[in-house]
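Here is a short walk through one protein model. Keep the sequence and the 3D view side by side as you read.

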Amino acid sequence: MPARSTLTTIGFIPRQITCLYLKSIEALISDTVLLFLVPDAPRSFTMSEIYSDALRVSWGPPLRVNGRLLAYLVTHWKNGTSLSNKKTVRLSNTTLSYTVTGLSANAIYTVELAAETRAGTGTRKALWARTTQSPGEIT
């Protein structure tokens with residue numbers, strides 16, 4: 001006869017759960033339930049500098065990392081274009097700022113940031129900004 005598994009909900013967990021190990025009825029002695037929670041969103045995500053071809057963003061580490069922080073993921077795209085044009089850069093776990101380069105002048109961009117652990121990618125934060133005009137450009 002195959003082992004039966006049960007899941008008992010004790011209460012609402014207002015966090016994203018990536019993995020849940022269910023205990024077997026036959027293994028009541030081993031009462032282990034493992035929850036792997038993704039990290040919180042990075043704090044204080046700001047656009048610190050805006051240029052005609054670049055945007056500089058900075059942030060602080062998540063309040064709750066929920067494990068070992070592996071990396072930060074910065075994703076950007078030009079608004080009004082296909083989401084397939086998204087570009088993502090994976091940064092070290094000690095990096096707290098990044099300059100997005102190669103942008104068009106006088107265009108609106110979305111920049112997203114998320115922290116990553118072994119459990120997965122946490123909640124994303126987003127900023128929107130318009131790049132400046134190119135030097136000497138007349139509108």
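Which residues have the most contacts inside the largest nonpolar core? They are Phe-45, Trp-59, Tyr-72 and Val-74, in a core of 17 residues. Four strands each supply at least two residues of this core: E4 (54–60), E5 (71–78), E8 (108–117) and E10 (125–130). The largest share comes from E8, with four residues. As a general rule, nonpolar side chains in soluble globular proteins tend to be buried together.

Before going further, consider confidence. This is a predicted model. The mean pLDDT of the protein is 80, and 71% of its residues reach 70 or more. Residues 1–30 are another matter: there the pLDDT is below 50. The model still gives this stretch 43 contacts beyond near neighbours in sequence. Where pLDDT is low, the predicted coordinates should not be read in detail.

Now turn to strand pairing. Strand E3 spans residues 43–50. E3 and E4 run antiparallel, and five bridges join them. One place to look is Thr-46, whose bridge partner in E4 is Ser-58. How many residues lie between the two strands of the E3 and E4 hairpin? There are three.

Finish with the aromatic rings. The structure holds one aromatic pair. A charged side chain also meets a ring: Lys-86 lies over the face of Trp-77. The distance from the ring centre is 4.5 Å.

Definitions and conventions: Residues are numbered from 1 along each chain as its sequence is written. Side-chain values use heavy atoms; hydrogens and water are left out. A nonpolar core is a set of buried Ala, Val, Leu, Ile, Met, Phe, Trp, Tyr and Cys residues joined through side-chain atoms within 4.5 Å. Buried means under 20% relative accessible area, exposed over 50%, partly exposed in between (1.4 Å probe, protein chains only). Rings of Phe, Tyr and Trp (its six-membered ring) pair if their centres lie within 6.5 Å; planes under 30 degrees apart count as stacked, over 60 as edge-to-face and the rest as tilted. A charge sits over a ring if NZ of Lys or CZ of Arg is within 6 Å of the ring centre and within 35 degrees of the ring normal. pLDDT is the predictor's confidence in each residue, from 0 to 100. Contact means heavy atoms within 4.5 Å. Two strands pair if DSSP finds at least two bridges between them.
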